[in-house]
Amino acid sequence: MRARSGADRGAGGGGTGSEGRLPGLRERKRLQTYRHVSETAIALFLARGFDAVPVAEIAAVAGVSKPTLFRYFPTKEDLALHRFADHEDEAARVVTEARAEHRAPVAALAAHFRTGLDRRDPVTGLNDAPAVLAYHRLLYGTPALLARLHAHTHRSETALARALAGPSTPGGPLAPDADHPPLPHRLAAAQLVAVHRVLAMENWRRIADGATADALHPTAAHEAEEGFAALAAALGER
């Protein structure tokens, strides 16, 4: 759930296309519009509150029509949550890459989270930049955004469960359905997503109470190591 202070990621969370290709001009323009409209909306939400800003005003300030806005963002809530949508398949990508390199999935996710802590990635909660904290207050203080965030979390869990299941024989007993991977992998994915969420929320809570990211880093790193290690043991990962 990365809440970056600027528009530094595009739709889908990637600056490159499939197979590492750079996006073409049309795609770059699309991503630029996507970021511009969302960041315009977030700035207005932060200034006046989510419920006080109509979609028509966002479109006017961003310099796009309402139909164009809704082509990029089907709901008003999506305007504020693109920073989370960018990360829906991040854990799944980490696991897929780990499998290709014969690394254990939970250990790979733990290392990924630790790297995020080291660089103060807002997705870990360990970021005390005023703009990031203001965004967190907006999100967690707005029931409509929290409800919409649940859908993002569900899609992230599903993508991670498919990655944990790995390749399978089409039609075989463990062949993962697009929306319903095997239950054991869905349970494991839910636990992994929960560990990430709880660690990030605890970091954010402490920073909101006055801690600095630098001072909190050793504690956050230790708790992340313990949390992922306990889950690895519970899931039988060696």
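## A kinked helix

Helix H10 has a kink of about 30°, centred on threonine 219. The bend at a residue is the angle between axes fitted to the seven residues ending there and the seven starting there. H10 covers residues 213-234, 22 residues in total. From first C-alpha to last, H10 reaches 30 Å, close to the 32 Å expected at 1.5 Å a residue. That expected span is 1.5 Å times one less than the number of residues. Helices (H or I, at least four residues) are DSSP runs, numbered from the N terminus.

Which residues of H10 are buried? They are Ala213, Leu216, His217, Ala220, Ala221, Ala224, Phe228, Leu231 and Ala232. Buried means under 20% relative accessible area, exposed over 50%, and partly exposed in between (1.4 Å probe, protein chains only). The buried residues of H10 pack against helix H6 (105-118) and helix H9 (183-208). Just after H10, glycine 236 takes a positive phi of about 75°.

## Model and confidence

This is a predicted model: local features need pLDDT of at least 70, side-chain atom pairs count only at pLDDT 80 or more, and totals for chains, interfaces and linings use all residues. Residues are numbered from 1 along each chain as its sequence is written, and side-chain values use heavy atoms, with hydrogens and water left out.

The chain averages a pLDDT of 86, and 85% of the residues score at least 70. pLDDT is the predictor's confidence in each residue, from 0 to 100. It stays under 50 over residues 1-20, which have 57 contacts beyond four places in sequence in the model. Contact means heavy atoms within 4.5 Å. Residues 169-176 also stay under 50, with nine contacts beyond four places in sequence. Where pLDDT is low, the predicted coordinates should not be read in detail.

## Pocket and cavities

The second largest pocket holds about 180 Å³ of space. Its lining includes Arg99, Leu164, Leu235, Gly236 and Glu237. H6 and H9 each supply at least two lining residues. The largest share, four residues, comes from H9.

The search uses a 1 Å grid over the protein atoms alone. A cavity is a set of points where a 1.4 Å probe fits but cannot get out. A pocket is an open set with protein on both sides within 12 Å along at least five of seven lines. Lining residues have an atom within 4 Å of a point. Grid points are joined across faces, edges and corners, and a volume is the space filled by probe spheres set on the points.

By this rule there are two cavities of 30 Å³ or more. The largest cavity has a volume of about 50 Å³. It is lined by 10 residues, of which Glu90, His112, Gly116, Val123 and Thr124 lie nearest its centre. H6 gives the largest share of that lining, three residues.

## Loops on either side of H6

Histidine 102 has a positive phi of about 60°, although it is not a glycine. It sits in the loop between helix H5 (90-100) and H6. Is histidine 102 buried or exposed? Histidine 102 is exposed, with a relative accessible area of 75%.

Arginine 120, also not a glycine, has a positive phi near 60°. It lies in the loop between H6 and helix H7 (130-140). At 21% relative accessibility, arginine 120 counts as partly exposed.
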